[in-house]
Amino acid sequence: PPSSMPSPPPSASPAALSIEFQVTVAGGSYPSEVSWTLMCSGALIGSGGAPYSGTLSAPPGECTLDMNDSYGDGWNGDQWEGAGNTFTLDS
């Protein structure tokens, strides 16, 4: 007798579960010293320096923004802006 093949389960699209947001990093005196990484749910979402402008996509949930300054004196006025938040790194 003919057997029917089970249909595969529908796959969830990761993009459909993500939130897109604009990120800008700018405004400081020594942009070459600035670097940052954004991790969400254990995945690297974005990274860069200053100036930076781009659209990132992240799943809803907890994210960690690591901000670094190679000279060690803070971001000197640079600000990371994205997803309704603004951050800077003091010395």
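A polar contact is taken here as a pair of N or O atoms within 3.5 Å, where, within protein, one must be able to donate a hydrogen and the other to accept it, and residues adjacent in sequence count only if both atoms are side-chain atoms. The structure is a predicted model, in which local features need pLDDT of at least 70 and side-chain atom pairs count only at pLDDT 80 or more, while totals for chains, interfaces and linings use all residues. Residues are numbered from 1 along each chain as its sequence is written, and side-chain values use heavy atoms, with hydrogens and water left out.

The protein chain contains zero helices and seven strands, the elements being DSSP runs numbered from the N terminus (helices H or I, at least four residues; strands E, at least two). Of its 91 residues, 24% are buried, where buried means under 20% relative accessible area, exposed over 50%, and partly exposed in between (1.4 Å probe, protein chains only).

D69 belongs to strand 5 and, with a relative accessible area of 13%, is buried. A polar atom of the D69 side chain lies 2.6 Å from the backbone nitrogen of G72, and a polar atom of that side chain also lies 3.0 Å from the backbone nitrogen of D73. When residues up to four places away in sequence are not counted, D69 touches E33, G74, W75, N76 and L89, a contact being heavy atoms within 4.5 Å.

The torsion about the S-S bond is about 110°, so the disulfide is right-handed. C40 is buried at 1% relative accessibility, whereas C63 is partly exposed at 35%.

On a 1 Å grid over the protein atoms alone, a pocket is an open set of points where a 1.4 Å probe fits, with protein on both sides within 12 Å along at least five of seven lines, and lining residues have an atom within 4 Å of a point. The volume of the largest pocket is about 190 Å³. Two or more lining residues come from each of strand 1 (19-26), strand 5 (63-69), strand 6 (79-82) and strand 7 (85-87).

Terms used: Points joined across faces, edges and corners; volume = space filled by probe spheres on them. Disulfide = S-S within 2.5 Å.
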